[in-house]
Structures are given as C-alpha cells and as structure tokens.
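Subject: Structure for you to look at

Hello,

Here is the structure I promised to pass on. Please open it first, then read my notes below.

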Amino acid sequence: MKPSFGRVGVLYGGSSAERDVSLMSGAGVCKALREQGVDAHLFDTGVRSLAELADERFDRVFIALHGRYGEDGTIQGALELLHIPYTGSGPLASCLAMDKIATKRVWLHHGLPTPRFATLDCNADPRGLADDLGLPLIIKPPHEGSTLGVMRVDVVDQLAPAHALACRFDDQVLAEQFIRGRELTVPILGAGAGTRALPVIEIVAPQGNYDYEHKYVSNETQYHCPADLDPALTRQVQTLSEEAYRVLGCEGWGRADIMLDDQNRPWLLEMNTSPGMTGHSLVPMGAKAAGMSYGRLCVEILATARCKVRAPAGH
Ligand SMILES: Nc1ncnc2c1ncn2[C@@H]1O[C@H](COP(=O)(O)OP(=O)(O)O)[C@@H](O)[C@H]1O
Ligand SMILES: [Mg+2]
C-alpha cells in the first residue's frame, strides 16, 4: 500500500555553513520519497520566505536542513506557528542539541559520560585552559557543525590560534579533554520508550583527523558498519546513545557522536538532530546495515512527523 502523507515539503538548502550538504540531503530525500509514491516537493529555505512556505500548503514537511536556522529549533518553532507537522526533534531539543555546552550539562546531570570541559569567552585569555584539562585538548565553537572551527591543541602555543579560530564562529568556545581512541557514531530512530539505535558505525580517518575535508571531500576516510565491537560493547554504546537522545528530549531521528577510549569506555561528544541524508551519509549507512533501504528510512522518518507543541485546550 502506498503511504498517504498528502502534499509533502522537503526543506533543504537554508543559509547555514552546511548549506551545500543540505542541498544534497534534500535532493536525495525528495527523490527517494517520490520513488516511494510520496507527493514530495523541494523547498529551499535559504532563498524562499516563510510566507511562501505557508502558501505551499504542505500537509507535512521533512526537514533536511543542517546547522543554524535548520537544526537549531528556529525553523521548528516557525513550523509550530504555521501548524505544519515536521520531522525530527521539537524546538527545545533541537536548540539544546545545537548547543554543545548545554548538551554536556544535561548529560552530566543525568550521569552520562562526556569529556571533561571548560568554557571560555572570546575576549578571555585561553592560556590557562591546559592547566585544568591537560593536553592534548580540543577547542570548538559550541554552535557549529561539520567540524568547522574545531582544532586539536597539542602544545600550549596552539591555544591562542585554536581559540581565535573557534571565535570566528561563536562568542564563546568549548575546550574539551581530547579522547584518544576510536571514533563511533550511532544513528537513532523513534521517540521516548520507542527509541532505538541502529547499528554502530566506526569512522577511521587518516591520522585520526576527521575534519571537514575528510567528512565531505576526500575518499580516504573509511567507515565500518556495523563497527567491529563485541556484542556487549555494541549494546552498551547503543544504550548510551538512546539515553543521550532521550534525556535531551529528541524524537524522530538523530545521530550521536561518540569517542571510545583505549579502555573501551564510550564518551559522548554531541547529538545531531538533523544529520546528513546524502547517499554517503551515516544514518542511511546504519539503516542499510539494519536491512532498511534509503527509501524506507525516508518514509519511516516522514511517518513520525508531527507538531510537538501542544495547543492550549479549546484550540
Ligand atoms: N573530545 C574529543 N576528543 C577527541 N576527538 C574529538 C573530541 N571532540 C571532537 N573530536 C573530533 O572532532 C570532530 C568534530 O567534533 P564534534 O564534537 O562531533 O563536532 P561537529 O561534528 O559538530 O563539528 C569529531 O568527529 C572528532 O573527530
Ligand atoms: Mg560531530
């Protein structure tokens, strides 16, 4: 039976630093939905207005936007006001997950492991950071994605340039203990008690350097899915990812980024609430390992679209 979702918008593009990735995500999602019999239409929020979005009279939308204004709760809030059901997390969870510092505070509150960290304003002196956290450490802008502005600091002299780089993107920086080990990412679907992690993916980048170039440009990065972890560790990493997602209030779908240290202890780095959906992206890779095609994944995510803010009684 063909799914009946009415007229569906695929929001893509947008105006964040991750626009180019989103253009690919949206094109892939829209094509796949059409192949599944869905009446899907692309809508670029970077060039078209909210008034035009309202005029489109979509019955629901698939958010294939990444980064600011697309993944951070703002478009989600606008869709609530327009009463258009949308995929993924609501305004609060989206906004929380977009802020790596707020996310870590929530995880710590719930006793979930995340690397030790410090925050620093852009007009402050970064030289003391290594005293608390030791070296190496990693400095990142708390609201950016795609590894933009992220720099590893091995020696004290690199603190000032790393701080300056992160400050090109944000007013405050996050300095985090560097975790040596293996890099994992875990796609997650569902909500509440129905939350379920897909197979774990291990990312093996040349020299352990998983930056923008290695994410989107070069083909030297290797991905192993399912990751070569024993079943108990796999389950531990999946359960941790599900908890990390639930305590942030995420729903629909997401992807947790994790470092596994040399004693096989997992450390949560961040939660992505609107991850990449290109043909080479990681959520589709995890779905495939679970026996779910790209097209079915898109339909499954679309099926969970809803408005999350409860209208007051009588409306
Ligand atoms: N604490 C850390 N220890 C080791 N590597 C890290 C750490 N934080 C980030 N990284 C590396 O930097 C990359 C980007 O960091 P992440 O926190 O996932 O931000 P984003 O993907 O939003 O840019 C990660 O994929 C990982 O390779
Ligand atoms: Mg990441």
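His83 sits in the loop between helix H3 (74-82) and helix H4 (91-98). Its backbone is worth a look: phi of His83 is positive, about 60°, although the residue is not a glycine. His83 is also exposed, with a relative accessible area of 64%. Please keep in mind that this is a predicted model.

Asn264 is another residue other than glycine with a positive phi, near 65°. You will find Asn264 in the loop between S12 and S13. Asn264 counts as partly exposed, at 37% relative accessibility.

The magnesium ion (ligand 2) is coordinated by Asp257 (OD) and Glu270 (OE), at 2.0 to 2.1 Å. Asp257 belongs to strand S12 (residues 251-261) and Glu270 to strand S13 (residues 266-272), so the pair ties together parts that are 13 residues apart in sequence. Are these two residues, Asp257 and Glu270, buried or exposed? Asp257 is buried, and Glu270 is buried too.

Now the cis peptide bonds. One runs from Leu135 to Pro136, with omega near -5°. Pro136 is placed in the loop between helix H6 (129-133) and strand S5 (137-140). Another cis bond joins Cys225 and Pro226, and omega there is about -5°. Pro226 lies in the loop between strand S11 (222-224) and helix H9 (231-247).

Glu56 is found in the loop between helix H2 (50-55) and strand S3 (60-63). Its relative accessibility is 17%, and Glu56 counts as buried. What does Glu56 touch, leaving aside residues up to four places away in sequence? The contacts are Arg7, Phe43 and Arg48.

Then look at helix H10 (residues 282-289). Leu282, Val283, Pro284, Gly286 and Ala287 are buried there. Which elements do the buried residues of H10 pack against? They pack against strand S8 (181-191), strand S10 (201-204), S11, S12 and helix H11 (294-303). S12 is the strand that holds Asp257. Just after H10 comes Gly291, with a positive phi of about 85°.

Finally, the protein as a whole. Its secondary structure comes to eleven helices and 13 strands. The radius of gyration is 19 Å, close to the 20 Å that the globule rule gives for 315 residues, so the protein is as compact as a globular protein of that length. The C-alpha trace spans about 60 × 45 × 40 Å along its principal axes. Of the 315 residues, 53% are buried. Take the contacts between residues at least 6 apart in sequence: 66% of them join residues at least 24 apart.

The surface comes last. The protein exposes about 14,200 Å², and carbon and sulfur atoms supply 51% of that area. There are 30 positive and 38 negative charges, and their mean positions are 6 Å apart.

If you want a place to start, go to the magnesium ion with Asp257 and Glu270. From there, turn to Asn264 in the loop between S12 and S13.

Best wishes

Technical notes
Residues are numbered from 1 along each chain as its sequence is written. Chains are lettered from A and ligands numbered from 1 in the order in which they are written. This is a predicted model: local features need pLDDT of at least 70, side-chain atom pairs count only at pLDDT 80 or more; totals for chains, interfaces and linings use all residues. Side-chain values use heavy atoms; hydrogens and water are left out. Helices (H or I, at least four residues) and strands (E, at least two) are DSSP runs, numbered from the N terminus. The radius of gyration is taken over C-alpha atoms; the globule rule is 2.2 Å times the number of residues to the power 0.38. Buried means under 20% relative accessible area, exposed over 50%, partly exposed in between (1.4 Å probe, protein chains only). Contact means heavy atoms within 4.5 Å. Accessible areas come from the Shrake-Rupley method with a 1.4 Å probe; for residues, only the protein chains shown count as cover. Lys and Arg count as positive and Asp and Glu as negative; His and the chain ends are not counted. The place of a charge is taken as NZ of Lys, CZ of Arg, CG of Asp or CD of Glu. Donors are N, O and S atoms within 2.8 Å of the metal (3.2 Å for Na, K and Ca); water is not among the atoms, so sites may look incomplete.
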